Amino acid sequence: MIRDQETLNLLVDNVARFVRERLVPAEEIVAETDEIPADIVDEMKSLGLFGLSIPEQYGGLDLTMEEEALVMFELGHTSPAFRSVIGTTVGIGSQGIVIDGTDEQKTLYLPKLATGELIASFGLTEPGAGSDAASLETRAIRDGDHYVINGTKRFITNAPHAGIFTLMARTDPEDKRAGGISAFIVDAGTAGLSFGKRDKKMGQRGAHTCDVILENCRVPARNLIGGKEGGGFKTAMKVLDKGRIHIAAICVGVAERILADALRYAMERRQFGQPIAEFQLVQAMLADSRTESYAARTMVLDAARRRDAGLQVSTEASCAKLFASEMVGRVADRAVQIFGGAGYISDYGIERFYRDVRVFRLYEGTSQIQQLVIARNMIREASGRNA
Ligand code: COS
């Protein structure tokens with residue numbers, strides 16, 4: 001749903017200009033230094049990028065899912081590490097509070113998230129609980145008006161920069177599955193909370209992940225999201241439904257960027273006396289990439305519109321994330337092929353994208369988890385119809 005086309009056009013144009021003029025020229029330095037320059041982060045704050053998904057009453061832009069997807073298409077036209085700076089605050093780190101938080105929790109945290117003053121991260125994954133998120137072992141034990149939390153969270157995006165974590169922990173030790181899990185807002189400054197060393201990743205230099213270790217962390221009971229125990233897994237799943245559409249939108253944007261680079265190269269690079277873009281085998285790679293990125297764009301927009309209409313989009317979010325993340329992997333692979341030897345050399349930038357996009361098939365649910373969600377929903381719907 002687009003609420004006001006003119007206002008949205010202004011935002012999308014501003015983001016496109018920011019990407020073109022500020023982010024694209026900084027891609028190499030970010031890859032070299034593994035840091036996003038502070039002035040770029042400040043400009044992201046001024047543009048309102050941290051508050052894209054925060055309701056207006058708490059100072060955010062309150063974008064609909066369709067509007068957010070259109071902004072992400074633009075933000076995707078550069079190294080995905082830049083998106084990661086705002087990604088967890090716009091997405092999985094904040095949305096648990098937006099969707100299921102109490103009024104007090106919203107009032108306390110959302111305004112600071114909207115401005116970027118506070119960065120939010122999402123703590124679900126653990127050393128022993130990845131795809132099987134419901135098996136998590138972090139424990140939260142009630143002690144008066146606090147919970148005492150112990151456990152380790154793994155591969156937590158933006159953890160080194162986070163001010164708060166939306167963190168899932170088991171409050172009912174008797175219930176070993178989803179029903180025993182609660183969601184908390186955990187302040188990064190809580191005594192007993194520490195960080196592992198930064199992970200050395202395959203790509204997306206400038207985006208940082210690390211372990212978050214909780215040792216007897218005392219978290220106020222008022223930070224239990226929604227104020228009720230046992231709803232944490234469902235909160236996480238609802239957050240991920242939205243997050244998966246967001247990630248799919250970024251995949252589309254990055255694919256469009258990679259394809260634009262590959263097309264430009266194919267039109268400039270001459271072999272056998274003509275631009276390689278004139279060769280049909282190269283054209284096939286360009287055309288397949290265009291077709292697939294267009295298909296993914298259409299899927300993302302459809303899933304986003306359905307969510308905006310208040311429909312349950314678990315299936316569509318997983319379809320979009322599955323297709324778009326696999327698609328961008330194929331597009332990046334073809335781009336390396338079109339660049340030939342230059343595609344393997346870091347100076348040309350394409351091999352960086354090839355590495356950067358690999359994680360899209362892993363985080364916020366692997367491709368296999370998306371397949372599982374889609375098929376299970378299909379079976380459930382069919383059983384309901386046949387019952
Ligand atoms: N929205 C709301 N509720 C949902 C939901 C959704 N999208 N998906 C599941 N639930 C609910 C179910 O309805 C069920 O509730 P009831 O017990 O009241 O029936 C509960 O949550 C448990 O669901 P389910 O039984 O399906 O859980 P499973 O443990 O079988 O597995 C999967 C669920 C595999 C889908 C889940 O673990 C998952 O998404 N794993 C991947 C995790 C992931 O993406 N990690 C990345 C971390 S963030 S980078």
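Start by selecting strand E1, residues 120-123. Ala120 and Phe122 point one way from the strand, while Ser121 and Gly123 point the other way. All four are buried, meaning under 20% relative accessible area with a 1.4 Å probe and protein chains only. Strands, labelled E, are DSSP runs of at least two residues, and helices, labelled H or I, are runs of at least four, numbered from the N terminus.

This is a predicted model, in which local features need pLDDT of at least 70, side-chain atom pairs count only at pLDDT 80 or more, and totals for chains, interfaces and linings use all residues. Residues are numbered from 1 along each chain as its sequence is written, and side-chain values use heavy atoms, with hydrogens and water left out.

Gly123 has Leu167 of E4 as its bridge partner.

Now select strands E2 (residues 139-143) and E3 (residues 146-157). These run antiparallel, with 5 bridges, and Ala140 stands opposite Ile149 in E3. The hairpin of E2 and E3 has 2 residues between the strands, and Gly144 takes a positive phi near 65 degrees there.

Ile156 has Cys210 in E7 as its bridge partner.

Move on to the ligand, which 22 residues surround; to count, a residue needs a heavy atom within 4 Å of the molecule. The closest are Ser131, Arg177, Lys234, Asp241 and Arg376. Which ligand atom lies 2.8 Å from a polar side-chain atom of Asp241? It is a nitrogen atom. A polar side-chain atom of Arg177 lies 2.8 Å from an oxygen atom of the ligand, and one of Arg376 lies 2.5 Å from an oxygen atom of the ligand.

Last, select Glu27, Val30, Ala31, Ser79, Ala81, Gln204, Arg205, Arg352 and Asp356, which line the largest cavity. A cavity is a set of points, on a 1 Å grid over the protein atoms alone, where a 1.4 Å probe fits but cannot get out; lining residues have an atom within 4 Å of a point. The volume of the largest cavity is about 40 Å³, taken as the space filled by probe spheres set on the points. Helix H1 (5-33) and helix H10 (350-356) each supply at least two lining residues, and H1 gives the most, with 3.

Technical notes. Buried < 20%, exposed > 50% of the residue type's maximum accessible area, 1.4 Å probe, protein only. Pairing = 2+ DSSP bridges. 1 Å grid on protein atoms, 1.4 Å probe; cavity = no way out; pocket = protein on both sides within 12 Å on 5 of 7 lines; lining within 4 Å. Polar contact = N/O pair within 3.5 Å; in protein donor to acceptor, adjacent residues only side chain to side chain.
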